[in-house]
Amino acid sequence: MRWLLVGAAACPALIAAQPAAGQQPGDAAAQTAPETAPDDPIAVPSPPPPEAALPAVEPIIDDEEFDKAIPKIAAEDDPELDRPLESIAEFERRQAAEAARGEAEDEDASERADGSDAPAIDGVPVPALADGDAVEAIGDAPIGDSDLAAPLPPLDSFDVEPVEFAEAAEDEDHRELAYQVQVNGLDAADDSTDVDLADLFGDLSALYDGDGKADNAAMIRARLAADGELMQRILASEGYYDAVVDTRIERGAREEGQGRRSRSITAIIDVTPGQRYTLADIIVDADPTIPPDLIAENFPLSEGEPIVAQRIQGAEAALALKLPEAGYPFTEVGQRDILLDGATGEGVYTLPVTIGKRSRFGGIETTGDLVFDADHVAVLARFKRGDLYDSRKVDDLRQALVATGLFATVAAEPQPTGESAGDDTEYVTMLVTQQAGPPRTIAASAGYGTGEGLRLEGSWTHRNMFPPEGALTFRGVIGTQEQGIGATLRRSNAGRRDRTFELVAEATRSNYDAFEALTGRVGARVSYDSTPIWQKKFTYAYGVELIATREDDYDFASGGRSFDFYTILGLTGQVGMDRTDSLLDPTKGFRITSLIQPEGSLAGRFSPYARLRTDISGYYPVTDNIVLAGRLRVGSILGAARERLAPSRRFYAGGGGSVRGFGYQELGPKDPNNDPIGGRSVNEMALEARYRFGNFGVVGFVDAGQVYRRSAPTFQDLRFGAGIGARYYTNFGPMRFDIATPIARKPGEARVSVYVSIGQAF
């Protein structure tokens, strides 16, 4: 029988239609409450007269709409619906009769409890319950244990056991606890995999990460539950899909300690690995490729091997990587499906692959806040129209764009054109989306070297003053022995990627032990150099420069120093070979660089000469952390006597980039005041042992070198320096701190020399 309860607030009309308690419907006398005496302190006030009745309230819905909303119930479905309601008086009379009948039954039960019919167990009467009734209207559960009816033993013979109250147990949930972790049953699975499962679990475990301590027992339970799920995932990743992992907590006996009783806690993980599933069949659902074995050659899974998640994910990633490298830019690797057979322990692996259309590079388009137009982007690209699409060349283009430093964001993506390129391929357009970044840069650097003193350099650069990539740089140098200003106009990627054109104008004042000079220089240079993203095997540079300088030199005829003015016009040519593994921090391979500078003095008659220099360096990795590095330099000046050369154009040795342990330009011929005067030839050697640990390193080194008056180095009278250095490795190269001392030190030479700079010594 379903009932519908309607709130009185929703239907005020129902309130008025209800009779008061004990009143018959239609009884008019009950419509008015009785009068109460005014002195009655708890008198209930009379209801307001009819004229003070509340105003009429419009019903929310009318009766007709309400009747339609109520579902119709047929009388035959529930006969009770047609039975008339009993009056309140009839209801009260029926309730009184039932109460009298209940009292009579209680008296009969009490009489039976006093008589021989009282229940007993093994002859022992069962006592009445707390309410005095041995027999209840609803009977008690039968008692099958006679001890429950036996008298209690005396207190002095009762064995009192300590009771652990709930509060004590709950206290473990609110104080720091120590625990141990125990993993059972993992050895069998661990021995069958290439991965150390125990170590992997230990690295990721919440229990082990907590170092055996938890704030409360609830935290231990939470960690244990998380580690149980972790173990399940680890086993499944190695092909144990039926593994069963159970977790539990064991508490040892209570022990007294530190003024309180505690128990040892062990979090236990029980592992049952089950069988390890293997690949019964491998199905790659893809269209034919060119060459036909392209997918098979680049999908390193084989039938019979265990179903290992890392290998499967790696194989899928290899397809997603290799197909775009082989001319399929729109390859999509679908969702794998592995059907496992629990009876055989085998799985059928299916992978849908959409290879898309085989494509070739077409044109280049640009969009966004442009820095470069399509023509200059094409200069940076290492592909041309008609080349088979290769995603590595697209990545290289993206890196080259980023390396310009002119973009906030930049992206390069292939776009289908539908244009046929023959041999069942089609052209794709490379869409380069650009967002220009800030073009200006302020930079600063600092260094220190014995003999050179402190040197600070700052610069301001607009990297795209003359688009595309026409940078203008102003720089200034402030040092204890050198000051200068200069400007450089540099166009990068000038008509060819990584080819640079430079125009330089600078003025410098130098004050070294070897000479004092005030120099102006202008020059032009074209170079093809290595960059961090493209280290080239061969590099070159050539240029021209004009130098006007006023320098002092020691005059042996007069026995003193005097100034002279030099005007020098020279050409520069340089070639290099690089077979190292890194541009900034090589660990293996070698480098060779040769420089030739034909030049001459324009003061008086033209006096030509040539400066030649060759540098060779090699690197050998002894271990992963130790590298041996060596360097050799040989230089010579042909065609002019030393006295006819400007002091700044002679060879010198000594210092942080030369022979450490000596001051800057300290080695070689000297005047009577023991100041260096330079020479026409030089040789230098260095050997380093570099040990790296993380971002730090230690270097031990021995350097040697000498400068000679003659134009050919003799490799005699070599001076040696030895020392130790520290390195801090950054993403732009190592920061260097070296300290060295000369071997067989001579009078006037410093005991210790210090060098601070950026980059390795060589």
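A: Let's start with a group of four: Y512, F515, Y652 and Y664 make up one aromatic cluster. Rings of Phe, Tyr and Trp (its six-membered ring) count as a pair if their centres lie within 6.5 Å; planes under 30 degrees apart are called stacked, over 60 edge-to-face, and the rest tilted. Before we go on, this is a predicted model, where local features need pLDDT of at least 70 and side-chain atom pairs count only at pLDDT 80 or more, while totals for chains, interfaces and linings use all residues. Residues are numbered from 1 along each chain as its sequence is written, and side-chain values use heavy atoms, with hydrogens and water left out.

Now for the strands. β19 (residues 499-511) and β20 (residues 516-528) form a hairpin with 4 residues between them. Strands here are DSSP runs (E, at least two residues), helices are runs too (H or I, at least four), and both are numbered from the N terminus. Two strands pair if DSSP finds at least two bridges between them; β19 and β20 have 13, in the antiparallel sense. R499, for one, has Y528 as its bridge partner in β20.

F201 is buried, at 2% relative accessible area, whereas Y208 is partly exposed at 38%. F361 and Y389 make a tilted pair, with 5.0 Å from centre to centre and 35 degrees between the planes. That pair links distant parts of the chain: F361 is in strand β12 (residues 359-369), and Y389 is in the loop between α11 (374-380) and α12, 28 residues apart. F361 counts as buried at 0%, and so does Y389 at 4%. (Buried means under 20% relative accessible area, exposed over 50%, and partly exposed in between, with a 1.4 Å probe and protein chains only.)

The charged end of R382 sits over the ring of W534, 3.8 Å from its centre, and R690 lies over the face of F762, 5.2 Å from the ring centre. To count, NZ of Lys or CZ of Arg must be within 6 Å of the ring centre and within 35 degrees of the ring normal.
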